Protein chains: 2
Amino acid sequence: MSPVPAPGTSELVAGIFAGDGRRIGQAISAAESGDGVPELSRRIFPKTGRARVLGLTGPPGAGKSTLALKMAQAYRARGRKVGIVAVDPSSPFTGGAILGDRIRMSEIYTDPGVFIRSMATRGSMGGLARATSDAVDILDAAGFDVVLVETVGVGQDEVDIIRTAETVAVVLVPGLGDDIQAIKAGILEIADVFVVNKADKEGADRTSAELAMMLDLTPGRSWRPPIVRTVAPRGEGVPEVVEAMESHRSWLANSPEAGFRAARRARARLVALLEERFHRSLESRSPESNGLEEAIRRIRERREDPYSAATRLFERLTREPAAERA
Amino acid sequence: MSPVPAPGTSELVAGIFAGDGRRIGQAISAAESGDGVPELSRRIFPKTGRARVLGLTGPPGAGKSTLALKMAQAYRARGRKVGIVAVDPSSPFTGGAILGDRIRMSEIYTDPGVFIRSMATRGSMGGLARATSDAVDILDAAGFDVVLVETVGVGQDEVDIIRTAETVAVVLVPGLGDDIQAIKAGILEIADVFVVNKADKEGADRTSAELAMMLDLTPGRSWRPPIVRTVAPRGEGVPEVVEAMESHRSWLANSPEAGFRAARRARARLVALLEERFHRSLESRSPESNGLEEAIRRIRERREDPYSAATRLFERLTREPAAERA
């Protein structure tokens, strides 16, 4: 490919509204880099809110990507356009974003009704969460009916990302064994649907039974997450997963939980943007003006502890009128 | 155990200086929760800076914990007191912090010269990074000569945490194969020592050779990370790892890199504290005063996009004099 000038916001917005895959990809790349896409976001935002946003999370190796592909095919069979956003922190170890794209693309890349994208960023998890929300908005505005957000479930930040979805499936595999006891609390909190993938493996019965027991022990929830068994590569159980996701949607529509979740999503997004801005304001100030360099020196020389330095600096940063900051 | 009142800062500080394991543990717990330990930090900070802080990172299943234990034993044989801080984000899936402690404790918990602690937090990765630095300071002030920080290498945030160490070993295992190409950049950046663990497994030669080739292809670095093979459960290669870590220290002591790294550590810590404070200031303000609730409503109703709302709020948050915030 010969180098071409990067498209402007107007071209990207027009491309998004036209469902142009190339422009959608460029827009997501823009969202991933630097400060995001404020102008683009402003212009597409009124057209968002139509897509159904689903989350798929679970430990590495649970087969989430394959399941996501098969779910996409199932939704395609129902005539829906599907976007997949795979969130894989720019890991020094997995290189997941790079390899992932290639494998996935080989299967259904010819279908214009499917758009697959792995998110990668060299920045912080906060930046990744922000970019993921932007990508969901872009696909939403581009007319995708379903957006599947896939994360590898590792830490709190990934949990925060998956919470941007309306309905979340937690994908497990047989053989977790005793671990289920340990992971109870976290899983219970985020799962709307449980998927026991690789259900043809030994231990699937036990994993399902343990999940069921766990749910029995926590009564009083108005939605009981169904447990669905799948063998994703063969497509077994996939229609049932889609069914379970849709059932949850119907339940949610008649529950006060819907409003609560929407507010939580909006709040998380806003807080992430504010924090990113704060971070940027720290980095962008000149070394003399922000007092950061001097504080670093004082800490290194052990003349001031980090907490005291932070208190002092924070006062200064938030007291100054923003106008003097440029 | 019958409930006892939580010890005050003075008791904790006295306990830390006396090397009292129970007080050290309580101080780290305090650091993990909420807003950290500003007063304690202020009082112990002048006594820090003596410990040698080592980092151990790598993919899940690489055998880092066992290696950390064996390294601790090797340092003990040299008469050094060793603290191990295992950073395992409060994962809904691994439950690592809970299980890890139990397994590790069974081996060398009787030795008062070893203190092992798994970090866990329900908060953000930023909070975890901050608490980890606090834990390192506490162990440092308590007279531990070596503090080993172990992280599961997954994303950028874990890389940031491991950068708090002076010398970092990246632990790999045979069988990564093609992945080494994908993970090149990230690894090169953080590794001072490479450990090929499970070196009795097939493929160890290839993994070592690939690493060596990768290093050959990036000349011009003044420190070439040694590649050490280990079979951690049998202790094989562990003295060589310790030797490699110590060689790096000697090199660092005579390199401008030492000052650069110390400044980077201080900066990362300060920025994390400032960001945590900013986050708290967002959460603690009353719903009416901060404009957050109204902005959330506007976003939900799609009357304002998140970026515009963030810009508006940020101006407001940083313009107001801090005195009016209480």
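Author: Two strands are said to pair if DSSP finds at least two bridges between them; strands (E, at least two residues) and helices (H or I, at least four) are DSSP runs, numbered from the N terminus. In this predicted model, local features need pLDDT of at least 70 and side-chain atom pairs count only at pLDDT 80 or more, while totals for chains, interfaces and linings use all residues. Residues are numbered from 1 along each chain as its sequence is written, and chains are lettered from A and ligands numbered from 1 in the order in which they are written.

Reader: How many bridges join strand 5 of chain A to strand 6 of chain A?

Author: Strand 5 (residues 167-172) and strand 6 of chain A are joined by 4 bridges and run parallel. Within strand 6 of chain A, A:F194 is the bridge partner of A:V170. Strand 6 of chain A also pairs with strand 7 (residues 227-229) of chain A, in the parallel sense, over 3 bridges. There, A:V228 of strand 7 stands opposite A:V195.

Reader: Through which helix does the chain cross from strand 6 to strand 7 of chain A?

Author: A crossover is right-handed if, with the strands pointing away from the viewer, the path from the first strand over the helix to the second runs clockwise. Here the path goes through helix 9 (residues 204-216) of chain A, and this β-α-β crossover is right-handed.

Reader: Which way do the side chains of strand 6 of chain A point?

Author: In a regular strand the side chains alternate between the two faces of the sheet. From strand 6 (residues 193-196) of chain A, A:V193 and A:V195 point one way, A:F194 and A:V196 the other, and all are buried. A residue is buried if 20 or more other C-beta atoms, placed from the backbone, lie within 10 Å of its own, exposed if 12 or fewer, and partly exposed in between.

Reader: What is the order of the strands in the open sheet of chain A?

Author: The sheet has 7 strands in the order 3-2-4-1-5-6-7, with parallel pairing. Strand 3 (114-119) and strand 7 of chain A stand at the edges with a single partner strand each, so one side of each has no neighbour in the sheet.

Reader: At what angle do helix 4 and helix 10 of chain B pack?

Author: Axes are lines fitted to C-alpha atoms, for helices over the stretch in contact, and angles run from 0 to 180 degrees between N-to-C directions. Helix 4 (residues 64-77) and helix 10 (residues 238-253) of chain B pack at about 75°, with axes 9 Å apart. That makes the two helices roughly perpendicular, a term for angles of 65 to 115 degrees.

Terms used. Angles under 35 degrees count as roughly parallel, over 145 as roughly antiparallel, 65 to 115 as roughly perpendicular and the rest as oblique.
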